[in-house]
Amino acid sequence: MLRRDSSAHTTGSAGCISLHDVHKRYRGEPDEALCGVDLEVAPGELVALVGPSGSGKSTLLHLLAALDRPDHGTIVIDGFDVARRIGAGRYRRGTVGLVFQLHNLLPNLSAAANLEVVMFGTHRRRQERRARARELLDAVGLAGKYKDVPTRLSGGERQRVAVARAFANEPQVLLADEPTGSLDDASTATVVALLRDHVAAGGTLLAVTHDSRLLAAADRVVTLTAGRITGDIRKNDAVTLRVAAGAGGLE
Ligand SMILES: Nc1ncnc2c1ncn2[C@@H]1O[C@H](COP(=O)(O)OP(=O)(O)OP(=O)(O)O)[C@@H](O)[C@H]1O
Ligand SMILES: [Mg+2]
């Protein structure tokens, strides 16, 4: 219910994320934030992105969301060449949902209006936008907080508004930057369940996280170190590794 049926996509690449040799250097910075990232993420997997502070995780998500562009390399999502940014607005509204690390809620708008505003320009009429905003806030445990502006919400409540907002336009691809960092165990369980539902329904998900509660739910963990992918482990591989290590295979 939170996202569109993936059968609505006509190509076989629905929701696939594909990065090749992606470089990004911020103006005035001596070092590249990303230096040659190759990554493929397929729908149906909960992929966690980990790495030290400053390793380029948020930069990578911003490029994927077409909020910024790489200096070099290709980024193709759902068949859309993100780096070219032609039609980026439609892409952002129609394909991708982003949970920002710092939430980025509009301070003068209520929780519900923060969701409704991202549905402007879509097929949904006003009443429908309103109903969907409330449905999504209910889903993250914020019934009764519809009318509160962000300054009247706790950090965890703001984070849940940001998570709900990312689902507003039923994205095929969900990009989440520390989506559970401010949440207690109960709210984390709610958000993790929503993320798992998203991938179970054929959605694509890349979540930056250091939260062991979300890592436990991940199918795959990708590590970024100083702008480079330095690790990529699937849960099954990890089990195999542990078994091998336990049997002395890696000692
Ligand atoms: N707008 C910007 N202008 C200049 N440098 C930036 C900008 N945004 C990020 N950087 C730099 O790029 C590098 C990567 O930053 P990024 O925010 O992607 O790291 P991160 O892995 O998300 O870190 P954290 O875990 O602390 O959120 C850092 O060295 C950072 O200082
Ligand atoms: Mg970050």
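**Entry 1: E178**

I began with E178, which lies in the loop between β7 and α6; helices here are DSSP runs of H or I with at least four residues, strands are runs of E with at least two, and both are numbered from the N terminus. I noted that this is a predicted model, in which local features need pLDDT of at least 70, side-chain atom pairs count only at pLDDT 80 or more, and totals for chains, interfaces and linings use all residues. Residues are numbered from 1 along each chain as its sequence is written, while chains are lettered from A and ligands numbered from 1 in the order in which they are written.

**Entry 2: D21**

I looked up D21, another residue other than glycine with a positive phi, near 50°, and found its place in strand β1, residues 17-24. D21 has 13 other C-beta atoms within 10 Å, so it is partly exposed.

**Entry 3: helix α6**

I checked the length of helix α6 (residues 185-200), whose 16 residues should span 22 Å at 1.5 Å a residue, and its end C-alpha atoms are 22 Å apart, which agrees; the expected span is 1.5 Å times one less than the number of residues.

Which residues of α6 are buried? I listed V191, V192, L194, L195, H198 and V199. Seen down the axis of α6, these buried residues fall within an arc of 155°, so they line one face of the helix; the arc is taken from the directions from the helix axis to the C-beta atoms. An α-helix has 3.6 residues a turn, so residues three or four places apart point the same way.

On the face of α6 turned away from its buried side I found the exposed residues D185, A186 and A200. The cover over the buried residues includes, among others, β3 (46-50), α4 (126-139) and β7 (173-177). Just after α6, G202 takes a positive phi of about 95°.

**Entry 4: the core and the whole chain**

I counted eight helices and ten strands in the protein chain, and of its 251 residues 40% count as buried. The largest nonpolar core has 62 residues, a nonpolar core being a set of buried Ala, Val, Leu, Ile, Met, Phe, Trp, Tyr and Cys residues joined through C-beta atoms within 7 Å. L136 is among the residues with the most contacts inside this core, and, leaving aside its neighbours within four places in sequence, L136 is in contact with L115, A164, F167 and A168; contact requires C-beta atoms, placed from the backbone, to lie within 7 Å.

**Entry 5: ligand 1**

What surrounds ligand 1? I found a shell that includes Y26, E29, K57 and Q101, where a residue is near the ligand if its C-beta atom, placed from the backbone, lies within 6 Å of it. The shell divides into two nonpolar, eight polar and two charged residues; Ala, Val, Leu, Ile, Met, Phe, Trp, Tyr, Cys and Pro count as nonpolar, Asp, Glu, Lys and Arg as charged, and the others, Gly among them, as polar.

Notes:
Buried ≥ 20, exposed ≤ 12 C-beta atoms within 10 Å, placed from the backbone. Contact = placed C-beta atoms within 7 Å.
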